[in-house]
Amino acid sequence: MKILFLGTSASKPTSERNPPSVALQYNNGEFMLFDCGEGTQRQMIKKVSPMKISKIFITHLHADHIMGLVGLIQSMKLNGRTQLLEIFVPKDTIVHMKTLFSIPYFSADFEIHVIEAFDQKIEFDGYWIRPFPVSHGVPAIGYVFGVNDARGKFNKKLCDELGIKGEMFSSLEKKGTIEVNGKIISIDEVTGKLRRGKKIVYTGDTEKIETFPEEAYNCDVLIHDSTFISPDDKKDTYHSTVKEACEVAQLLSAKKLVLTHISQRYETKEVEEESKKYCENAIVAEDFLEINL
Ligand SMILES: [Zn+2]
Ligand SMILES: [Zn+2]
């Protein structure tokens, strides 16, 4: 699985940074996008195939997070896409997405489902998403992306000894226990250890919040709004400072913190130096940064 930062600026592009978008390449080659700022499809060239994007998770409808959608969808159409595209948005914002897609001559020849994401887990094939509310002055959500936990393989020799065979395996997988020759056997006894699936938390734009769903804790990567260094610059913008992002990483026991949505007023080096004061495992995102998980 790979995380690719396509855009890491706050509000507008700079010579080094594109507006926000993060691509996630799942194990099977499927891609997902988190936000889709202006110019995202150009950032994708030679790195992300538009045809392999199955889902786009939008955190909120500020222009810097959605203005790449229309162009990207037009390119998908020109490339002859037939596959469904799912776009997840915060509650009460479908109406605005309809407005966005009502520009002249815009159409797609494939199905697009725009889905309002509520404060609950959504299961997919092999992975899940847990949207959660953040605080940004407009309807806004963050997402926890998680891969399902995976069990080790059956211990063949042991299963033979215990008399587990045929359809008993699928029954054991389904129920967790099975009775063989009058003895109850649990799946844990005859398989390798459960391997915990990787988890990524993406906050999108938000001021510091302290309430997260339990799925967000102990994440492998936390990608957090870090628009400002100084609280004086921040004022009442509903964004976070580097220090606040580091505090959230600590709260969630995140293994790695990636600071993104960087204001144009700062050099990357300044943001790095600020983060070092509070957090050892923080890095500052730059466009085209890749993280393998
Ligand atoms: Zn933004
Ligand atoms: Zn915003």
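This is a predicted model: local features need pLDDT of at least 70, side-chain atom pairs count only at pLDDT 80 or more; totals for chains, interfaces and linings use all residues.

Reader: What does the C-alpha trace span along its principal axes, and what share of the residues count as buried?

Author: The C-alpha trace spans about 70 × 50 × 35 Å along the principal axes. The protein has 293 residues. A residue counts as buried under 20% relative accessible area. By that cut-off, the buried share is 50%.

Reader: How many aromatic pairs are there, and which class does the pair of Phe88 and Phe124 fall in?

Author: Ring centres must lie within 6.5 Å to pair, and the count comes to 13 aromatic pairs. The rings of Phe88 and Phe124 have centres 6.0 Å apart and planes at 85°. Planes over 60 degrees apart count as edge-to-face. The pair of Phe88 and Phe124 is therefore edge-to-face.

Reader: Where do Phe88 and Phe124 lie, and how many residues apart are they?

Author: Phe88 is in strand S5, residues 85-90. Phe124 is in the loop between strand S7 (122-123) and strand S8 (127-133). The pair links distant parts of the chain, and its partners are 36 residues apart.

Reader: Are Phe88 and Phe124 buried or exposed?

Author: Phe88 has 3% relative accessibility. Phe124 has 18%. The cut-off for buried is under 20%, so Phe88 and Phe124 both count as buried.

Reader: Which class does the pair of Phe132 and Phe212 fall in?

Author: The ring centres of Phe132 and Phe212 are 5.4 Å apart. Their planes are at 55°. Stacked needs planes under 30 degrees apart and edge-to-face needs over 60, so the pair of Phe132 and Phe212 is tilted.

Reader: How many residues apart in sequence are the parts that Phe132 and Phe212 tie together?

Author: Phe132 lies in strand S8. Phe212 lies in the loop between strand S12 (199-202) and strand S13 (221-225). Phe132 is buried at 1% relative accessible area, and Phe212 is buried at 9%. The parts tied together are 80 residues apart in sequence.

Reader: Which residues form a cluster through ring pairs, and which lysine lies over the face of Phe124?

Author: The cluster links Tyr26, Phe34, Phe57, Phe88, Phe124, Tyr127, Tyr143, Phe145 and Tyr202. One of these rings, Phe124, has a charge over its face, at 4.6 Å from the ring centre. That charge belongs to Lys55.

Reader: Which ring has Lys121 over its face?

Author: Lys121 is 4.4 Å from the ring centre in question. The ring is that of Trp128.

Reader: What is the volume of the largest pocket, and how does its lining divide?

Author: The largest pocket has a volume of about 230 Å³. Its lining includes Arg17, Ile262, Arg265, Tyr266, Glu286 and Asp287. The lining divides into 2 nonpolar, 4 polar and 6 charged residues.

Reader: Where is His60, and what is its relative accessible area?

Author: His60 lies in the loop between strand S4 (53-57) and helix H2 (63-66). His60 is buried. Its relative accessible area is 0%.

Reader: Which residue carries the UniProt feature "active site"?

Author: The residue lies in helix H2. The unreviewed UniProt entry places "active site" at Asp64.

Reader: What is the phi of Lys46, and is Lys46 buried or exposed?

Author: Lys46 has a positive phi of about 70° although it is not a glycine. Lys46 sits in the loop between helix H1 (40-44) and S4. With a relative accessible area of 87%, Lys46 is exposed.

Reader: Where is Ser253, and what is its phi?

Author: Ser253 is in the loop between helix H9 (242-251) and strand S14 (256-260). Ser253 is partly exposed, at 43% relative accessible area. It is not a glycine, yet its phi is positive, at about 50°.

Methods:
Residues are numbered from 1 along each chain as its sequence is written. Chains are lettered from A and ligands numbered from 1 in the order in which they are written. Side-chain values use heavy atoms; hydrogens and water are left out. Helices (H or I, at least four residues) and strands (E, at least two) are DSSP runs, numbered from the N terminus. Buried means under 20% relative accessible area, exposed over 50%, partly exposed in between (1.4 Å probe, protein chains only). A charge sits over a ring if NZ of Lys or CZ of Arg is within 6 Å of the ring centre and within 35 degrees of the ring normal. On a 1 Å grid over the protein atoms alone, a cavity is a set of points where a 1.4 Å probe fits but cannot get out, and a pocket is an open set with protein on both sides within 12 Å along at least five of seven lines; lining residues have an atom within 4 Å of a point. Grid points are joined across faces, edges and corners, and a volume is the space filled by probe spheres set on the points. Ala, Val, Leu, Ile, Met, Phe, Trp, Tyr, Cys and Pro count as nonpolar, Asp, Glu, Lys and Arg as charged, and the others, Gly among them, as polar. UniProt positions are given in the numbering used here, feature names are shortened, and annotations may be inferred rather than shown by experiment.
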